[in-house]
Amino acid sequence: MSDGAAPEPVTTLCPNRAADARVYPLGDEAVVYVPAAMAAYALNCSALAIFELCDGRRTVADIGRECAETLGCAPDALLPDVGRGVSELQQAGLVSYG
Amino acid sequence: MQTAQQRALLIAFGDREVVVRSDDSAVLGALERIFTMMRAPVSAGRTVGELEVCREDGRYAVRGITDVTLEDGSLADVVRHVRYSAIQLLMDARPDLLWFHAGAAALRGRAVLFPGPPGGGKSSLVTSLCARGWSYLSDEIAPLDPLSDTVLPFPQAPAIREYPGREMPPEWVRMANKEELRLRPDRVCREPTPIAALVRPSYRRAARADLSVGSPATTALHLLEQCGNFPSHRETAVSYVCALVQRVPGFSVCFSDGEAAADVVARRLEDCL
């Protein structure tokens, strides 16, 4: 994933994984391939955790809270990081809102 | 039509051959040096392409089955284009293989692949390993057979860029600033060799040679980025590479000096090979 600044997503939106994305788990990371774009991405464990929670039902805020719960953090502690992660996934075409 | 003065160079990869004809000794001489370890004395395989280099109005021209647009028609220009055309013809003749921008060297019958873009230090690293007793498979183009997990030899003459130790601007990649090195024939691997490790070379000015373990996902992505015929394989390539990185370890080596990098790689990979 790029380190470029990505726009903050609206935390009430529900990001959804690209329907045609193929996930190749590799330990706690994964390669995700999008056939339509003929593009592959390496997701580290944090990005993969966020990606897997992008199911079109959870909001960005929900995803942030679930990640925080998993890691034992305060509920909103990870929201900025999760928001950036979702934005990067969106920019890569791996998730969308709609 | 072949004229009386024309000579032919047969470039062989397995049982596939590309024929280059020319009446210009400078062109053929340069190509013979590049492909000296891939030359076939007589045709023994299937010709997959023919290229003819001639001189017209003081400029070189290439005729053949590939579209070639020379930039300036100079000797360096025509040699570079014929070389890439010959490689492309051989790649096209073996679409079953995954072709990587990678150097490759072997020790004790086990191959290490060094995938990376031009200017990343592949040639420097591979030739330094060969000076330490490793066998040479390629310094730039490495075909991998996904059915057997073997690296096939593509032993064009290794070439080291001039001005080692300098950061290389992108345009240098296309310049004729490489010098071919001679390898002892017994240092050249002639057989498909099982792949045992993937090492991503990364040249950085003034960097101390250091080898680090790469995660499978980043190793896979880097390898896929260097797959020259990815559009022909797409998801099959992704699937294969993701399986491969679970079978063989991946590393990255950062360095500014090929000799020091070869020492580190040889020492650290001793147990994998």
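**Figure 1. Helix 1 of chain B on a sheet.** Helix 1 (residues 25-34) of chain B lies across strand 1, strand 2 (16-22), strand 3 and strand 4 of chain B. The helix runs at about 20° to strand 1 of chain B. This is a predicted model. Helix 2 (residues 75-93) of chain B also lies across strand 1, strand 2, strand 3 and strand 4 of chain B. Helix 2 of chain B runs at about 165° to strand 3 of chain B.

**Figure 2. The four-stranded sheet of chain B.** Here 4 strands of chain B form an open sheet. Their order is 1-2-3-4, and the pairing is mixed. Strand 1 (7-13) and strand 4 (59-64) of chain B are the edge strands, each pairing on one side only. On average, neighbouring strands of this sheet are turned by 20° against each other, direction ignored. Strand 3 (residues 46-56) of chain B pairs with strand 4 of chain B in the antiparallel sense, over 6 bridges. Which residue of strand 4 stands opposite B:E52? The residue is B:R63. In a regular strand, side chains alternate between the two faces of the sheet.

**Figure 3. The loop residue B:G45.** B:G45 sits in the loop between helix 1 and strand 3 of chain B. Is B:G45 exposed, partly exposed or buried? B:G45 counts as partly exposed, because 14 C-beta neighbours lie inside 10 Å. A buried residue would need 20 or more, and an exposed one 12 or fewer. Leaving out residues up to four places away in sequence, B:G45 touches B:A12, B:D15, B:R16 and B:E17. The C-alpha atoms of B:G45 and B:V18 are separated by 9.7 Å, with the two residues 27 apart along the chain.

**Figure 4. Strand 14 of chain B and two partners.** Strand 14 (residues 250-255) of chain B runs parallel to strand 12 (residues 193-203) of chain B, and 6 bridges join them. In this pair, B:L198 stands opposite B:G250 of strand 14. Strand 14 of chain B is also joined to strand 13 (residues 210-213) of chain B, by 4 bridges. Strand 13 and strand 14 of chain B run antiparallel. The bridge partner of B:L211 in strand 14 of chain B is B:V253.

**Figure 5. Chain A by itself.** Chain A has 3 helices and 5 strands. From the N terminus on, its elements run β-β-β-β-α-α-α-β. The C-alpha atoms fill a box of roughly 40 × 30 × 25 Å along the principal axes. Chain A has a radius of gyration of 13 Å, which agrees with the value near 13 Å for a compact globule of 98 residues. Of the 98 residues of chain A, 36% count as buried. Among contacts in chain A between residues at least 6 apart in sequence, 59% join residues at least 24 apart. The mean pLDDT of chain A is 91, and 91% of its residues reach 70 or more. In chain A, confidence is highest in strand 2, at 98, and lowest in strand 5 (residues 95-97), at a mean of 93.

**Figure 6. Where chain A touches chain B.** The contact takes 13 residues from chain A and 14 residues from chain B. On the chain A side, strand 2 (22-26), strand 3 (29-34) and strand 4 (39-43) are the elements that give two or more residues. Strand 3 of chain A gives the most, with 4 residues. The residues on this side of chain A divide into 10 nonpolar, 1 polar and 2 charged.

Key: Residues are numbered from 1 along each chain as its sequence is written. Chains are lettered from A and ligands numbered from 1 in the order in which they are written. This is a predicted model: local features need pLDDT of at least 70, side-chain atom pairs count only at pLDDT 80 or more; totals for chains, interfaces and linings use all residues. Two residues are in contact if their C-beta atoms, placed from the backbone, lie within 7 Å. Ala, Val, Leu, Ile, Met, Phe, Trp, Tyr, Cys and Pro count as nonpolar, Asp, Glu, Lys and Arg as charged, and the others, Gly among them, as polar. pLDDT is the predictor's confidence in each residue, from 0 to 100. Two strands pair if DSSP finds at least two bridges between them. Axes are lines fitted to C-alpha atoms, for helices over the stretch in contact, and angles run from 0 to 180 degrees between N-to-C directions. The radius of gyration is taken over C-alpha atoms; the globule rule is 2.2 Å times the number of residues to the power 0.38.
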